[in-house]
Amino acid sequence: MHGINEFAYHFRGQDNFVQKNHAHNEIEIIHVVKGTGHMLKNGVLYEMRDNMLFFIDARIPHSVNPKETEHYVRNKIVIAADAFFSICDTLGVRKEAEACLLAPPVYLMHPDSTEQCDAIFARCLDCFQTNERKGLIWGSILEMLTMYDDYPKKKSTHNGIVETIIECVNELAFDNFSLERLCRKINVSKYYACHIFKKYVGMTIYEYVLSKKIAESKLLLTETDEPIYAIADKMGFNTSSAYVRFFKKEVGITPLQFRNNH
């Protein structure tokens with residue numbers, strides 16, 4: 001169906017690449033029917049549990065890390081960003097949709113709202129399978145924008161430490177990053193930092209650093225005319241050739257090819 005790139009109802013298990021910090025030109029709505037874990041968006045860690053509704057501007061780097069993938073059940077819809085905002089403009093709710101996406105991406109719903117949200121996804125499933133009543137699907141998507149309560153403010157001690165690690169990694173990632181330097185700055189052992197980060201974020205610290213470099217590289221390659229050697233320097237590489245090898249290994253094409261394709 002035009003603009004709807006993916007739909008799932010009561011899907012169980014883990015998506016491909018769900019733990020990798022990634023970005024794409026889409027909007028995601030995820031209703032967690034059952035499951036716990038964490039979501040990382042733009043360097044901020046959010047708790048994930050039953051009855052939560054996620055509105056994700058997937059153009060911003062993000063990842064989802066369910067604690068037990070076999071018990072992770074959710075409803076999900078992925079929408080092309082251009083199509084989403086076009087419909088919002090048509091219905092006059094662009095401002096409200098943008099405000100929702102700028103807010104913390106996860107909301108804890110009341111029990112009644114949880115049942116209502118599940119019913120909306122079930123209704124959409126029938127329309128999606130028959131490729132009929134496209135307007136009903138878009139109306140249902142916009143209805144979900146009103147079905148949230150505040151994200152719980154209480155954070156565990158471990159979450160606070162993980163967020164401290166993320167903040168420091170964001171600060172040091174492009175400046176000759178090393179695990180030793182990070183741990184000295186926040187005064188924790190390398191073992192503890194690596195263990196707690198992997199547990200809550202679902203990837204290693206070095207994998208997170210690499211994902212940040214890839215995301216920032218793509219932005220600079222598509223949004224600026226900066227030469228490759230200048231981008232390589234900003235990403236913390238000593239030579240352009242080292243940067244090109246790194247980018248090609250992670251993305252599959254060279255930085256110049258990526259720029260030309262976009």
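Biologist: Which residues lie nearest the centre of the largest pocket?
Modeller: Asn 21, His 22, Ala 23, Ser 211 and Ile 214 do, and the lining of that pocket numbers 33 residues. A pocket here is an open set of points on a 1 Å grid over the protein atoms alone, where a 1.4 Å probe fits and protein lies on both sides within 12 Å along at least five of seven lines; lining residues have an atom within 4 Å of a point.

Biologist: Before I get carried away, what am I looking at?
Modeller: This is a predicted model, where local features need pLDDT of at least 70 and side-chain atom pairs count only at pLDDT 80 or more, while totals for chains, interfaces and linings use all residues. Residues are numbered from 1 along each chain as its sequence is written, and side-chain values use heavy atoms, with hydrogens and water left out.

Biologist: Good to know. Which elements give two or more residues to the pocket lining?
Modeller: Those are helix H8 (205-223) and helix H10 (240-251). The largest share is from H8, with twelve residues. Helices (H or I, at least four residues) and strands (E, at least two) are DSSP runs numbered from the N terminus.

Biologist: And how much space lies in there?
Modeller: About 1,100 Å³. That volume is the space filled by probe spheres set on the grid points, which are joined across faces, edges and corners.

Biologist: Let's zoom out. How many helices and strands does the protein chain have?
Modeller: There are eleven helices and eight strands in the protein chain. The chain has 262 residues, and 45% of them count as buried. Buried is under 20% relative accessible area, exposed is over 50%, and partly exposed is in between (1.4 Å probe, protein chains only).

Biologist: Back to H8, then. Is Ser 217 buried or exposed?
Modeller: Ser 217 sits in helix H8 and is buried, at a relative accessible area of 0%. Beyond its neighbours within four places in sequence, Ser 217 touches Ile 231, Met 235, Tyr 243 and Phe 247; contact means heavy atoms within 4.5 Å.

Biologist: I see some aromatics there. How many aromatic pairs does the whole structure have?
Modeller: The search finds eight. Rings of Phe, Tyr and Trp (its six-membered ring) pair if their centres lie within 6.5 Å; planes under 30 degrees apart count as stacked, over 60 as edge-to-face and the rest as tilted.

Biologist: Why is the pair of Phe 177 and Tyr 206 edge-to-face?
Modeller: Because the planes of Phe 177 and Tyr 206 stand at 85°, with the ring centres 5.7 Å apart. Phe 177 is in the loop between helix H5 (157-172) and helix H6 (179-186), whereas Tyr 206 is in helix H8, so the pair ties together parts 29 residues apart in sequence. Phe 177 counts as buried at 13% relative accessibility, while Tyr 206 is partly exposed at 43%.

Biologist: What about Phe 237 and Phe 246?
Modeller: Their rings make a tilted pair, 5.0 Å centre to centre with 35° between the planes. Phe 237 and Phe 246 are both buried.

Biologist: Which cluster do ring pairs link Phe 237 into?
Modeller: The cluster is made of Phe 237, Tyr 243, Phe 246, Phe 247 and Phe 258.

Biologist: Is Lys 20 buried or exposed?
Modeller: Lys 20 counts as exposed, with 52% relative accessibility. Its loop runs between strand E1 (4-12) and strand E2 (26-34). Although Lys 20 and Tyr 208 are 188 residues apart along the chain, their C-alpha atoms are separated by 8.2 Å.

Biologist: Last one: what is the phi of His 10, and of Asn 51?
Modeller: His 10 has a positive phi of about 55° although it is not a glycine. His 10 is in strand E1 and is partly exposed at 36% relative accessibility. Asn 51, also not a glycine, has a positive phi of about 70°. Asn 51 belongs to the loop between strand E4 (44-48) and strand E5 (52-57), and is partly exposed at 27%.
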